[in-house]
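Please look over the model shown here. The report covers selected helix packing and strand pairing.

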Amino acid sequence: MSRRTVILTSFYQDSVVLMRLAAEVRLRPGIREAVAFMGTPANHDLLAEAGLATPESRQARPEDLILTVEAETASEADAALAAARQLLLERRQSAERAAGVRPRTLDSARKLLPGANLVAISVPGPYARFEAMRALKRGLHVFLFSDNVSLQDEIELKQVARRRRLLCMGPDCGTAYLNGTGIGFYNVVTRGRIGCVAAAGTGLQAVASRLAAHGEGISHGIGVGGRDLTAEVGGLMTLFALEALASDPGTEAIVVISKPPHPTVLPRLEAVLAKLGKPVVACLFGATARAESAALWVGSLDAAADAVVARLAARPWSARPFGAPQGIRQRLDRIADHRLRGLQVLGLYTGGTLAHETHVILDGLLGPTVPHRVLDLGDDRYTVGRPHPMIDPQTRSELIAKAAASPEVGILLVDLVLGKGSHPNPALPLAAAVREAQSRAKIEGRRLVTVASVVGTSGDPQGLAAQEAQLRAVGIQLLPSNAEAARFAALLVKPELSTVLLEESS
């Protein structure tokens, strides 16, 4: 094996570009691994943790770009690095031709776009505060995609934003919709009358996509970052975003999506919800509402979308485990296999909020008696040296192959997230990995069932129907929502749950 590193001095590229570059280089012949990082202290730590640091990479400064590849031979490594450099140069030249004059500072960019009122920031975390603060002090809203931003920096930025009546979305904010326009990773939906406040990304995407299936659209979808409702941040941006949606004439109802608020923050959240004057649905996984709450509290993302549509239509609504219980019974009868009882449910997720939702559901249904694990593959420990799994599915494919070799695993539970910014055909590698895994299990006399849900709309570039068809073609059990997929998986390993889940759905 040969490992090679090249340093491109003073060659900043944002993280999304570097994710895609590494994914493309990894596809070249003989390449085992490829990473592309800016030389920040945090990235040096990540490279060292992953065992990919080299003497050359350790010399990189924060403004330098690190390209490292591992290959079967030295010639393949050198060829991959040359190809990576060429791709970066071509991208820069193409961008310069398309843009003409490329601004190098925020102020020069404002001269080109004097009407702009929002800045999207995707710089390394240690530099995010400086850039975001400059934007806020110029009266601009901030979409902060950067991760590895310190908690203290986040608090300071959000305090300044609130004083100036501006949005500071993030850090680590993957998705937003403003005036119906998507930012970051987003599904193609119409502008509508429902506003959302969500922690980060896939929770908002799941609700927006479900609303689109109901024929409803999004007025604004505001991502606030996963730490906003902690005791330290105190819900600074969540509360401000709710107040903004309350005053927006185009927003008729509101959905709030998050992990449980800290107990010290929950009363403040409840107080704001009580004053909004619009129908509110709250999906705060694991939190318990007070009896007099002004919001309708639900336990899943699909329920949040269904409930807010029902409230707008002034029709009664109640949560049900499955929308079509008779069809679920028929599918269970076809799959029924005593070998699955008590086996492990393994969740391999590209969406963090979807993974958390599944974890809460499986804990409630299976408890300690049936083994289950849910992995968020977008977590830092899985993305060291790799793009996010919504961009590059290789990590999940490798884990599916590993699961196929484990006799303890009976159910694979996965998500597929479509939309702008995601892999152009994510069903293809997922279906291929599942097909191979199921074949291996069958040869060994075992049963391995894959259960999935898709977050997407008919307007997404990947094509919702085509993606679903690829999954069904390899025998993946496709459910209409992530929550239903988790419950279906639980039924396969613990059939006695049917007396609760299917009776409640009747």
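The model is predicted.

**Helix pairs**

The table sets out the geometry of the two pairs.

| Pair | Axis separation | Crossing angle |
|---|---|---|
| H11 (residues 325-335) and H17 (residues 482-493) | 11 Å | about 40 degrees |
| H6 (residues 151-163) and H8 (residues 236-247) | within 9 Å | roughly 25 degrees |

Take H6 and H8 first. Their axes cross at roughly 25 degrees. Angles under 35 degrees count as roughly parallel, so H6 is roughly parallel to H8. The crossing of these two helices is left-handed. On the H6 side, the contact uses Ile 155, Lys 158, Gln 159, Ala 161 and Arg 162. H8 supplies Leu 236, Met 237, Leu 239, Phe 240 and Glu 243. By class, the contact of H6 with H8 holds six nonpolar residues, one polar and three charged.

Now H11 and H17. These helices pack at an angle of about 40 degrees. H11 and H17 are therefore oblique to each other. H11 passes H17 in a right-handed crossing. From H11, the contact draws on Ile 328, Arg 331, Leu 332 and Ile 335. Phe 488, Leu 491 and Leu 492 come from H17. Six residues of the contact of H11 with H17 are nonpolar, none is polar and one is charged.

**Strands E4 and E5**

E4 and E5 run parallel, joined by four bridges. In this pairing, Leu 118 stands opposite His 141 of E5. Side chains alternate along E4 (residues 118-121). Val 119 and Ile 121 point to one face and are buried.

**Val 142**

Val 142 lies in strand E5 (residues 141-144). Is this residue buried or exposed? Val 142 has a relative accessible area of 0% and is therefore buried, since buried means under 20%.

Conventions: Residues numbered from 1 in each chain as written. Predicted model: local features only at pLDDT ≥ 70, side-chain atom pairs only at ≥ 80, totals over all residues. Heavy atoms only, no water. Axes fitted to C-alpha atoms, helices over the stretch in contact; angles between N-to-C directions. Parallel < 35°, antiparallel > 145°, perpendicular 65-115°, else oblique. Left-handed = near helix turned anticlockwise from the far one by under 90°. Contact = heavy atoms within 4.5 Å. Nonpolar A, V, L, I, M, F, W, Y, C, P; charged D, E, K, R; others polar. Buried < 20%, exposed > 50% of the residue type's maximum accessible area, 1.4 Å probe, protein only. Pairing = 2+ DSSP bridges.
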